[in-house]
Amino acid sequence: MNKNQRKLYTRIAGKITINLLNKKWKCLAEGCEENSINSHYLQRNGILNSIAENGHLVEIKLADIFKFEKNKIPISFNQIGIKKAFSKPLFCVKHDSEIFNEIEKKQIDFDSYKTFILLSYRVTSAELRKKEFAIERQKRLINAQTLKGILNEQTHENQIIAYNLSADDLKISKRDLELELKKPQDNFEFIKLEFPYIETYSSALFNVNNYPPLDHVYIHTIPYSNKLFVLIGFNKNYTNKWIKNYIETWQKLKPENLGEKLTELFIEHIENWGISPKIHRSIDNNLKNQFIESYMNYVNPEYPKHKIDLFKNVT
């Protein structure tokens, strides 16, 4: 693309993204045709509210597509209103209330198998919605009349194929979690760990290259009652040696190394996380830049890996 074509593409892609963010997405409960509401990955009352300041949290976000600057890294730490933080349109009012009542309306039992399944089910549904969003975005780009002759449509078609494959895998994982909620078969294994309190949160699933795509690690880090709880586990039917070794590194983790371990998790494996404004103020600009550079270059095998601790100044 030449300069003018790039500007046109950026403008159209931005409009498509905004339209999709405002789109009414259907509830992800099987057979439901109602529109979904915004669902927080973790409980807003009692967890996210407890570390927010003036109704805000801090998350890593991609820059507004209309404001991309050449030769500038397009992500940064940004304050976000708690209503929009750590959330996606997933389920309708009825299903959101019915499915997650146990972890939304009651005191959370971190030892409970069902708690782990519910948290994992919600974040798996969120990842599926992300894929649906990405697929729809690629389709709209291909169909945009003003981009005809500018786009390499085959590239976007290939991306749709890849997103659909990922979505199919997530549908299997979502189904397995649904079955476990309906009739527990103890098909998942998890551990609960307790660490010193840090005002950070995450909820995610991930796998690693060179292993089957259904071999997921489910991990949730939750600041609650002056502790940081870590729930981490996997589906016993889809596991491997790497997963078990990785979980063991958490089991053996010393409290003084928690900050490095969390930072490694955020750089290498997940994107669903955030911190309190208080934590954000404790991170100097050099450390932020070092983190963002490592985050952007992690997949580059030639980029040197550094141990980083975003939380080293936390008191």
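1. A word on burial to begin with: a residue is called buried under 20% relative accessible area, exposed over 50%, and partly exposed in between, using a 1.4 Å probe and protein chains only. By that rule His-95 is buried, as its relative accessible area is 17%. This is a predicted model, in which local features need pLDDT of at least 70 and side-chain atom pairs count only at pLDDT 80 or more, while totals for chains, interfaces and linings use all residues. Residues are numbered from 1 along each chain as its sequence is written, and side-chain values use heavy atoms, with hydrogens and water left out.

2. Where does His-95 sit? His-95 belongs to helix 3 (residues 93–104); helices (H or I, at least four residues) and strands (E, at least two) are DSSP runs numbered from the N terminus. Contact here means heavy atoms within 4.5 Å. Not counting residues up to four places away in sequence, His-95 touches Cys-27, Ala-29, Cys-32 and Phe-100.

3. Ser-36 is worth a look alongside it. This serine lies in the loop between helix 1 and strand 1 (37–40) and is buried, with a relative accessible area of 13%. Which residues does Ser-36 touch, not counting those up to four places away in sequence? The set is Trp-25, Lys-26, Cys-27, Pro-89, Leu-90, Phe-91, Cys-92 and Arg-129. The C-alpha atoms of Ser-36 and Glu-178 are separated by 18 Å, and these two residues are 142 residues apart along the chain.

4. Now the interior. A nonpolar core is a set of buried Ala, Val, Leu, Ile, Met, Phe, Trp, Tyr and Cys residues joined through side-chain atoms within 4.5 Å. The largest one has 42 residues, and the members that touch the most others are Leu-48, Leu-57, Phe-91, Phe-110, Phe-116, Tyr-201 and Ile-222. Helix 4 (residues 113–143) supplies the largest share of this core, 8 residues. There is also a second, separate core of 37 residues, whose members include Phe-195, Ala-204, Ile-247 and Leu-258. In soluble globular proteins, nonpolar side chains tend to be buried together.

5. Helix 4 also packs against helix 5 (residues 153–182): their axes come within 9 Å and cross at roughly 160°. Axes are lines fitted to C-alpha atoms, for helices over the stretch in contact, and angles run from 0 to 180 degrees between N-to-C directions. Angles under 35 degrees count as roughly parallel, over 145 as roughly antiparallel, 65 to 115 as roughly perpendicular and the rest as oblique. Helix 4 and helix 5 are therefore roughly antiparallel. Their crossing is left-handed, meaning that the near helix is turned anticlockwise from the far one by less than a right angle, whereas clockwise would be right-handed. By class, the contact has 15 nonpolar, 9 polar and 10 charged residues; Ala, Val, Leu, Ile, Met, Phe, Trp, Tyr, Cys and Pro count as nonpolar, Asp, Glu, Lys and Arg as charged, and the others, Gly among them, as polar.

6. What about helix 1 (residues 3–21) and helix 4? They pack at an angle of about 140°, with their axes 10 Å apart, so helix 1 is oblique to helix 4. The crossing is right-handed. On the helix 1 side are Tyr-9, Ala-13, Ile-16, Thr-17, Asn-19, Leu-20 and Leu-21, which meet Phe-133, Glu-136, Arg-137, Arg-140 and Leu-141 in helix 4. This contact has 7 nonpolar, 2 polar and 3 charged residues.

7. Phi is positive in both non-glycine residues, near 55° for Ser-225 and near 65° for Asn-226. Are they buried or exposed? Ser-225 counts as exposed at 55% relative accessibility, and Asn-226 is exposed with a relative accessible area of 66%.

8. Last, helix 6 (residues 241–251) and helix 7 (residues 258–268) have axes that come within 11 Å and cross at roughly 150°, so the pair is roughly antiparallel. Tyr-246, Thr-249 and Trp-250 in helix 6 meet Leu-258, Lys-261, Leu-262, Glu-264 and Leu-265 in helix 7.
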